Amino acid sequence: MTLTLPPYQSKLQGWPGLIEAYKSYLPVTEKTPVVTLQEGNTPLIPVPAIAHQVGRQVEVFVKYDGLNPTGSFKDRGMTLAISKAKEAGAKAVICASTGNTSASAAAYARRGGMRAFVLIPDGNIALGKLAQALLYGAQVLAIKGNFDQALEIVREVANKYPVTLVNSVNPYRLEGQKTGAFEIVDTLGEAPDWLCIPVGNAGNITAYWMGFCQYHKIGKCDRLPKMMGFQAAGAAPIVQGNPIAQPETVASAIRIGNPASWEKAIAAQQASQGSFTAVTDEEILEAYRLLASNEGIFCEPASAASVAGLLKVKDQVPTGSKIVCVLTGHGLKDPDVAIKHSNNQFKQGLEPSIEAVAEVMGF
Ligand code: F0G
């Protein structure tokens with residue numbers, strides 16, 4: 001089925017999606033059938049309360065990638081991976097996921113007219129992500145194992161059967177995700193001093209570095225940021241220097257013990273003179289609450305690891321620097337954690353009267 005938009009509608013479209021916007025920097029041709037939900041172009045929002053906590057006259061921004069069509073940065077890579085799969089004639093795609101990849105793969109595969117198979121760790125994905133994968137119409141397979149085991153299985157399945165792997169080991173995923181770096185430079189007019197980013201399977205930190213390097217090479221920015229990667233303390237294989245058999249963290253999106261892009265992420269950290277640091281679940285939740293209650297920004301726990309990390313290493317921040325923290329996913333993805341770990345309460349069982357409400361309000 002081909003959909004032709006009436007002319008008035010195509011004029012009203014505005015942002016065309018990141019493949020169209022950045023096609024000269026991406027591995028696409030005129031023949032690539034672009035599968036898009038107009039992802040990308042997410043806001044870079046100043047967060048003054050966090051900058052105040054860091055001190056040293058720094059400017060801090062968050063790249064709010066939770067505002068992508070399926071609520072996470074995965075859409076940047078998925079629009080390209082699915083478009084290229086379609087170009088190659090694929091009829092089905094598969095991925096392993098802690099939740100966001102599965103939601104994104106499901107949405108884009110269905111939009112591109114393909115089947116989607118997603119393997120998730122049983123009982124360990126956030127409710128919103130499961131709801132998305134189901135409603136988008138993916139075949140959802142929950143395994144009695146963790147993400148690392150699921151990834152091993154889908155790699156084998158994609159090797160043996162006619163189904164395209166769309167995890168970030170698919171190079172088109174990283175190519176698409178590098179546009180996050182382009183957008184930051186396009187907005188700031190330069191690269192930031194630091195890029196703070198949560199690290200799970202280590203694809204995104206690799207992709208951002210690719211993006212900054214590509215823009216630097218063609219003169220779009222005249223410096224490169226330090227890549228500051230943050231892992232959850234219970235799932236910090238790169239920080240510890242060895243795989244973790246049973247990773248554990250409240251930030252289920254980054255509950256990963258053996259990242260696929262480990263070496264590339266180390267290369268990015270070393271080339272940029274950045275670092276990898278672990279943040280505890282308590283530090284993650286503190287940053288998560290701070291972002292919501294002081295800045296009005298609701299992200300998922302894994303995303304808050306970037307801000308938790310910045311606050312943890314704030315003594316190393318050079319005075320007056322510009323810092324971007326990537327907020328990879330939307331807070332609504334994981335309502336259970338929000339309700340469980342909010343310090344706030346709500347009044348239940350009130351009489352439906354003005355007096356009862358006014359009394360509780362203190363009037
Ligand atoms: N933040 C969120 C919200 C994520 O979903 C992920 C990864 C990361 C950060 C880490 O990014 O893996 O490129 O280092 N989620 C994957 C998934 C693993 O299956 O959705 P990474």
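## Ligand contacts

In this predicted model, a side-chain N or O atom of Lys 74 lies 2.9 Å from a nitrogen atom of the ligand, a polar contact in the sense of a pair of N or O atoms within 3.5 Å. Thr 98 places a backbone N or O atom 2.8 Å from a ligand oxygen atom, while a polar side-chain atom of Thr 328 is 2.6 Å from a ligand nitrogen atom. Of the 480 Å² of accessible area (Shrake-Rupley method, 1.4 Å probe) that the ligand has on its own, the protein covers 99%.

## Helix packing

Helices H13 (residues 281–295) and H14 (residues 301–312), which are DSSP runs of H or I with at least four residues, pack at an angle of about 100° with their axes 7 Å apart; they are therefore roughly perpendicular (65 to 115 degrees) to each other. The contact (heavy atoms within 4.5 Å) includes Ile 284 and Leu 291 of H13 and Ala 304 and Leu 311 of H14.

## Basis of the values

Residues are numbered from 1 along each chain as its sequence is written, and side-chain values use heavy atoms, without hydrogens and water. Because the model is predicted, local features need pLDDT of at least 70 and side-chain atom pairs count only at pLDDT 80 or more, whereas totals for chains, interfaces and linings use all residues.

Key
Axes are lines fitted to C-alpha atoms, for helices over the stretch in contact, and angles run from 0 to 180 degrees between N-to-C directions. Helices (H or I, at least four residues) and strands (E, at least two) are DSSP runs, numbered from the N terminus. Angles under 35 degrees count as roughly parallel, over 145 as roughly antiparallel, 65 to 115 as roughly perpendicular and the rest as oblique. A polar contact is a pair of N or O atoms within 3.5 Å; within protein, one must be able to donate a hydrogen and the other to accept it, and residues adjacent in sequence count only if both atoms are side-chain atoms.
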